[in-house]
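User: Hi! Could you walk me through a few spots in this model?
Analyst: Happy to, here it is.

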Amino acid sequence: MVVYFLVNYWSVKLFAHSNSAITVFKLVVPALTAVALIASGFHTGNFSVGVHGADGPVLDFSAILTAIATAGIVFSFNGFQSPVNLAGEARNPGRSIPLAVVGSILLATAIYVLLQVAYLGAVPPHMLEQAGWHGIDFRSPFAQLALIANLHWLAMLLYVDAFVSPSGTGMTYTATTARMIYGMQRNGTAPDILGRVHAHWGVPRPAMWLNLAVSFLFLFFFRGWGTLAAVISVATVISYMTGPVSAMSLRRTAPGLHRPLRVKALPVLAGVAFVMATELLYWARWPLTGQIILLMLVALPIYFYYQARSGWRDFGRQLKGAWWLVCYLPTLALVSWLGSSTFGGRGYLTYGWDLVAVAAIGIAFYVWGVGSGWRTPSVEQAERIPHPEQVQAQG
């Protein structure tokens, strides 16, 4: 983490050059791994083996949904947020942001599917004879498969990649989270010092120091990859909730705001995104859903402090606009507790109907959230800022 911190500390350009080189490495090694494993021996019969053997079910759909929410799968696709968080530094966001966001998701999907197919086909059939896939317990799955296939060079490359690939993610998140903290200061919910940007290097260094301290705290309290991945994944899903609602609220309350990027069919896409994020949070299983929602309350004293410091300016309107979220999180926690035992609940809702109920709750709160939006002073100030097209037209 210290290395990631230092790379970002000295300039945006150094981060960009380092991240580009690591990204290429992250793409080449997984693709090479999949091709090498498939070429070394591909057993198509493995795809018909059940979770607990040949006589058991081939798929456990609920387990797949929980794995998506808590096993790092959501987190592995979360790279699409980085171009959005750094959009303010893009020269042509209307062109580059869609390419970066859609391209990152499609590319990641292609690589992960290829890797998964290679993994399923490369496992020796005799290892599945007794307990099926439930009996497979690899600590380093691809590296161990490479050794089984006598691909020692690939195993060494994968162990190197295990260090290099997370470095790209680490450096990217060090950059983006620092800018989130900088944005909090600009919104008046963080100390002024966190909004300082270095005059020469162009990075918010005080925000980066705070980010480093919080990172150490997370590593101290959430030890082990499994626990940390589950906590971060669910917290990330909660952060998805505000995006669709905010985008549609701005469409409704500030139609004249300059938009370098305008997404077509946004009402539909935003609604589907919010409902799917709601489902993801439910799939994380009780009690983890309740624990992470409770964790969100830790920051409330900080928010109230800055509200009191500002004289509670517009607090009534802000609270009215946020009631949907205040009610949404405990409602989802309650539904998770009442839900099917498949997702850790008490079983008052049967499996299948619980997913329908969660989707209905997502739709209701999405409509409420969009309707709660109001023209904040920040929006009115943003509309008064002349954008490049206006300046050229006046000139």
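User: Great. Which backbone oxygen does the side chain of serine 40 reach?
Analyst: The side chain of serine 40 reaches the backbone oxygen of leucine 37, at 2.8 Å. Keep in mind that this is a predicted model.

User: Noted. And where is serine 40 placed?
Analyst: Serine 40 belongs to helix α2, which covers residues 12-40.

User: Is serine 40 buried, exposed or partly exposed, and why?
Analyst: Serine 40 counts as partly exposed because its relative accessibility is 37%.

User: What does serine 40 touch, leaving out residues up to four places away in sequence?
Analyst: Serine 40 touches Ala149 and Leu151. Serine 40 and alanine 149 are 109 residues apart in sequence, yet 6.5 Å apart in space, C-alpha to C-alpha.

User: Nice. Let's switch to serine 249. Where does that one sit?
Analyst: Serine 249 is in helix α11, residues 242-253. Its relative accessibility is 9%, so serine 249 counts as buried.

User: Which backbone oxygen lies 2.8 Å from a polar atom of the side chain of serine 249?
Analyst: That is the backbone oxygen of valine 245. Leaving out residues up to four places away in sequence, serine 249 touches Ala254, Gly369, Val370 and Gly373.

User: Now helices. At what angle do α12 and α15 cross?
Analyst: Helix α12 (residues 266-283) and helix α15 (residues 315-338) cross at roughly 45°, and their axes come within 10 Å. That angle makes α12 oblique to α15. The crossing is right-handed.

User: Which residues make the contact between α12 and α15?
Analyst: From α12 there are Phe274, Thr278, Leu281 and Tyr282, and from α15 there are Trp324, Tyr328, Leu332, Val335 and Ser336. By class, the contact of α12 with α15 has seven nonpolar and two polar residues, with no charged ones.

User: And how does α12 pack with α16?
Analyst: α12 and helix α16 (residues 353-371) pack at about 135°, with axes 9 Å apart. The two helices are therefore oblique to each other, and the crossing of α12 and α16 is right-handed.

User: Who meets whom in α12 and α16?
Analyst: On the α12 side are Pro267, Ala270, Gly271, Phe274, Val275, Thr278, Glu279, Tyr282 and Trp283. They meet Asp354, Leu355, Val358, Ala359, Gly362, Ile363, Phe365 and Tyr366 in α16.

User: How many of those are nonpolar, polar and charged?
Analyst: The contact of α12 with α16 has twelve nonpolar, three polar and two charged residues.

Notes. Residues numbered from 1 in each chain as written. Predicted model: local features only at pLDDT ≥ 70, side-chain atom pairs only at ≥ 80, totals over all residues. Heavy atoms only, no water. Helix = DSSP H or I, 4+ residues; strand = E, 2+ residues; numbered from the N terminus. Buried < 20%, exposed > 50% of the residue type's maximum accessible area, 1.4 Å probe, protein only. Polar contact = N/O pair within 3.5 Å; in protein donor to acceptor, adjacent residues only side chain to side chain. Contact = heavy atoms within 4.5 Å. Axes fitted to C-alpha atoms, helices over the stretch in contact; angles between N-to-C directions. Parallel < 35°, antiparallel > 145°, perpendicular 65-115°, else oblique. Left-handed = near helix turned anticlockwise from the far one by under 90°. Nonpolar A, V, L, I, M, F, W, Y, C, P; charged D, E, K, R; others polar.
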